[in-house]
Amino acid sequence: MSKIFTPTNQIRLTNVAIVRLKKAGKRFEIACYKNKVLSWRNNSEKDIDEVLQTHTVFTNVSKGQAAKKDELQKAFGKSDETEICKEILSKGELQVSEKERQSVLDTQINGIINSVAALCVNPETRRPYSATIIEKSLKDAHFSVKMNKNIKQNTLEAIKLLKEHQLPIERSRMKLRVSFAGKEGGGKLKESVVKLANSVEHEEWEESTLHLTLLIDPGQYRVIDELVRNETKGKGLLELLELKEVVENEEIF
C-alpha cells in the first residue's frame, strides 16, 4: 500500500485573524489569534506570544508564504520579525468578514460609550449621563469608530465631538483622600502622590498620619493606589470621596 505524503513546507494556521500592512509597494501580513488584536491595541494584552500565532511575517498568510529577509529589510529597515510584527499590529488593518467586522465594531462602540459615560458628567447637574443618552448623542453627531485607534483614543474623539455638537459634557475628576504614616509621608511618597494630582484641596496631620485630599483624573487612581500600596507595604489608605466635573478642556487620560 502506497504512503500518502503531505507537504511540510507550508505553515498551516487555524482560527486565524490576519492583520495586513502595505509598505514599500508590497503587502505584508501576520497571523494572530482572534479577539487578541484589539486587546493588544487597547494595552489589556501585553504578551506578544498571546497575540501572534507565529512570529513570522507573511506575504500571504492563507497560502503560508513567508516574506523574504531582504523584502523585510527594504520595507521596514530591519529584519527582526517580532519587531516588524509589532509594527504591523499597531499600524495594519485587521482583515475580517463582514459579520466579524460588525461584531468587532459593536464591541468597540460599546466600550467607547461606557468609557464616555464613566469619565464624563453633565456640568449643569454634576451627574453622569446614562449610556443610552451617550449612544444616541454619538449617533446624532455621526460618530464613527477609527479601528486603527484604541478605545481611549476613540473616547477622547467622542468627547470632543459631543462638545462640538453642543451637548453639555465635561470630563469628571475624582476627589480622593490618601492617608499614610508620617515616616512614608514626610518624603518622596508625598511628593510623588502630589505630582500625580491635579490639585491638593486639603492637607492635615493626625498624630503621625498624613491625610491628603486630592483632585485627580480618573486614570491616575490605579497609579496612585499602586504607588501608596507598594511604598507603605499595604498600610496606606485610599478613599474615593466623590466625582467632580472638570471645567477646563482636558485632552489626556
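Visitor: In this predicted model, what is the bridge partner of I18 in strand 2?

Guide: I18 is bridged to A31 in strand 2. Toward strand 5, the bridge partner of I18 is Q95.

Visitor: What makes strand 1 and strand 2 a pair?

Guide: Two strands pair if DSSP finds at least two bridges between them. Strand 1 (residues 16-23) and strand 2 (residues 26-33) have eight bridges, in the antiparallel sense, so they are called paired. In the hairpin of these strands two residues lie between them, and A24 takes a positive phi near 55°.

Visitor: How do you know that strand 1 also pairs with strand 5?

Guide: Three bridges join strand 1 to strand 5 (residues 93-95), again antiparallel. The threshold is at least two bridges, so this counts as a pair.

Visitor: How many bridges does strand 7 have with strand 9?

Guide: Eight, and the pairing with strand 9 (residues 209-216) is antiparallel. R177 has T213 as its bridge partner in strand 9.

Visitor: What makes strand 7 mostly covered?

Guide: Ten of its twelve residues are buried.

Visitor: How do you know that the span of helix 5 agrees with its number of residues?

Guide: Helix 5 (residues 98-119) has 22 residues, and at 1.5 Å a residue it should span 32 Å. The expected span uses one less than the number of residues. The end C-alpha atoms are 31 Å apart, so the two values agree.

Visitor: Which residues of helix 5 are buried, and what do they pack against?

Guide: The buried residues include V104, Q108, G111 and I112. The buried residues of helix 5 pack against helix 1 (37-41), strand 6 (120-121), helix 6 (131-140), helix 7 (151-164) and strand 7 (170-181).

Visitor: Which residues lie nearest the centre of the second largest pocket?

Guide: K34, N35, K36, L38 and V104 do, out of 16 lining residues. Helix 1 and helix 5 are the elements that give two or more residues to this lining. Helix 5 gives the most, with five residues. The volume of the pocket is about 310 Å³.

Visitor: How do the lining residues of that pocket divide?

Guide: Seven are nonpolar, six polar and three charged. Gly counts as polar in this scheme.

Technical notes: Residues are numbered from 1 along each chain as its sequence is written. This is a predicted model: local features need pLDDT of at least 70, side-chain atom pairs count only at pLDDT 80 or more; totals for chains, interfaces and linings use all residues. Side-chain values use heavy atoms; hydrogens and water are left out. Helices (H or I, at least four residues) and strands (E, at least two) are DSSP runs, numbered from the N terminus. Buried means under 20% relative accessible area, exposed over 50%, partly exposed in between (1.4 Å probe, protein chains only). Contact means heavy atoms within 4.5 Å. On a 1 Å grid over the protein atoms alone, a cavity is a set of points where a 1.4 Å probe fits but cannot get out, and a pocket is an open set with protein on both sides within 12 Å along at least five of seven lines; lining residues have an atom within 4 Å of a point. Grid points are joined across faces, edges and corners, and a volume is the space filled by probe spheres set on the points.
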